[in-house]
Amino acid sequence: MMAKKCDRCGKLHEFYRGSKEFKGAENANGILFIDRDTDNKYWSRNAKDLCPECMRELVDWFEEGKHEQ
């Protein structure tokens, strides 16, 4: 397996597929920052690798915000 390092917490972890780890969630194993213009065209900037725990926290945080509207 390929060893990875979480860009948020620094924890070492094995590569995982978001689609298998997070059924019914965002199905991702990292995030990608973008710049977007007024026409919704975008340019990628910086990809971040997240361990399963940090990815779960991010998805949970994002989902909580949807319910507050």
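This is a predicted model: local features need pLDDT of at least 70, side-chain atom pairs count only at pLDDT 80 or more; totals for chains, interfaces and linings use all residues.
Helices, meaning DSSP runs of H or I of at least four residues, and strands, meaning runs of E of at least two, are numbered here from the N terminus. Residues are numbered from 1 along each chain as its sequence is written, and side-chain values use heavy atoms, with hydrogens and water left out.

Let me start with the overall layout. The protein chain has two helices and four strands, and reading along the sequence gives the pattern β-β-α-β-β-α. Of its 69 residues, 17% are buried, where buried means under 20% relative accessible area, exposed means over 50%, and partly exposed is in between, with a 1.4 Å probe and protein chains only. The accessible surface is about 5700 Å², and carbon and sulfur atoms hold 48% of that; these areas come from the Shrake-Rupley method with a 1.4 Å probe, and for residues only the protein chains shown count as cover. If we take contacts (heavy atoms within 4.5 Å) between residues at least 6 apart in sequence, 44% of them join residues at least 24 apart.

Now to the charged pairs. How many salt bridges does a search of the whole structure find? There are four, a salt bridge being a side-chain nitrogen of Lys or Arg within 4 Å of a carboxyl oxygen of Asp or Glu. One of them joins the side chains of K11 and E53, at 3.0 Å from N to O. Because K11 sits in the loop between β1 (3-5) and β2 (12-14), and E53 in helix α2 (residues 52-67), this pair ties together parts that are 42 residues apart in sequence. K11 is partly exposed at 37% relative accessible area, and E53 is partly exposed at 41%.

Another is formed by D35 and R45, whose closest N and O atoms are 2.6 Å apart. This pair links distant parts of the chain, with D35 in strand β3 and R45 in strand β4, ten residues apart. Here D35 is partly exposed at 37%, whereas R45, at 55%, is exposed. Returning to R56 and D60, their side chains also meet in a salt bridge, at 3.4 Å from N to O.

The D49 side chain does make a polar contact with the side chain of H13, at 3.1 Å. A polar contact is a pair of N or O atoms within 3.5 Å; within protein, one must be able to donate a hydrogen and the other to accept it, and residues adjacent in sequence count only if both atoms are side-chain atoms. Leaving aside neighbours within four places in sequence, the residues in contact with D49 include K5, R8 and N29.

Finally, strand β4 also holds W43, which is partly exposed at 43% relative accessibility.
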